[in-house]
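Here is a short note to read beside the sequence and the model. Please keep both in view and look up each residue as it is named.

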Amino acid sequence: KGIKNIHIWSYKPSRLEKDEDSVWTCLYDTPSNGNTINQLYFRHNTLGTLQGISKSDGQKIRVWDLTYEQRRIAKGGKG
């Protein structure tokens, strides 16, 4: 039971005036080890790097280092 992966998505809404469709892009996908996450928060630490902080039933608090994803997205990369 529980969620098997954390998926973080970017959503770009459609712009009909420019004939652009809506676009969903998966930014981050990682296993959660079967723990159901109750809360998820994002922040920049004192070094300016992105972190995700989650709270689940199975663990107290977990800090996810999202530095790689932050840099990849900033460079316009997909993987």
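1. The lining of the largest cavity is made up of two nonpolar, five polar and one charged residue, where Ala, Val, Leu, Ile, Met, Phe, Trp, Tyr, Cys and Pro count as nonpolar, Asp, Glu, Lys and Arg as charged, and the others, Gly among them, as polar. The residues in question are Ser-32, Asn-35, Ile-37, Ser-54, Ser-56, Gln-59, Arg-62 and Trp-64, and the elements that give two or more residues to this lining are E4 and E5. A cavity is a set of points, on a 1 Å grid over the protein atoms alone, where a 1.4 Å probe fits but cannot get out, and lining residues have an atom within 4 Å of a point.

2. Please bear in mind that this is a predicted model, in which local features need pLDDT of at least 70 and side-chain atom pairs count only at pLDDT 80 or more, while totals for chains, interfaces and linings use all residues. Residues are numbered from 1 along each chain as its sequence is written, and side-chain values use heavy atoms, with hydrogens and water left out.

3. Along the sequence, the protein follows the pattern β-β-β-β-β-α, with helices (H or I, at least four residues) and strands (E, at least two) taken as DSSP runs and numbered from the N terminus. Strand E4 (residues 50-56) runs antiparallel to strand E5 (residues 62-65), and four bridges join them; two strands pair if DSSP finds at least two bridges between them. A hairpin of five residues connects E4 to E5, and Gln-51 has Asp-65 as its bridge partner in E5.

4. Which residues of helix H1 (residues 67-74) are buried? They are Thr-67, Glu-69 and Arg-72, where buried means under 20% relative accessible area with a 1.4 Å probe and protein chains only. These buried residues pack against strand E2 (23-31), E4 and E5, and contact means heavy atoms within 4.5 Å. Just after H1, Gly-76 takes a positive phi of about 80 degrees.

Methods: On a 1 Å grid over the protein atoms alone, a cavity is a set of points where a 1.4 Å probe fits but cannot get out, and a pocket is an open set with protein on both sides within 12 Å along at least five of seven lines; lining residues have an atom within 4 Å of a point. Buried means under 20% relative accessible area, exposed over 50%, partly exposed in between (1.4 Å probe, protein chains only).
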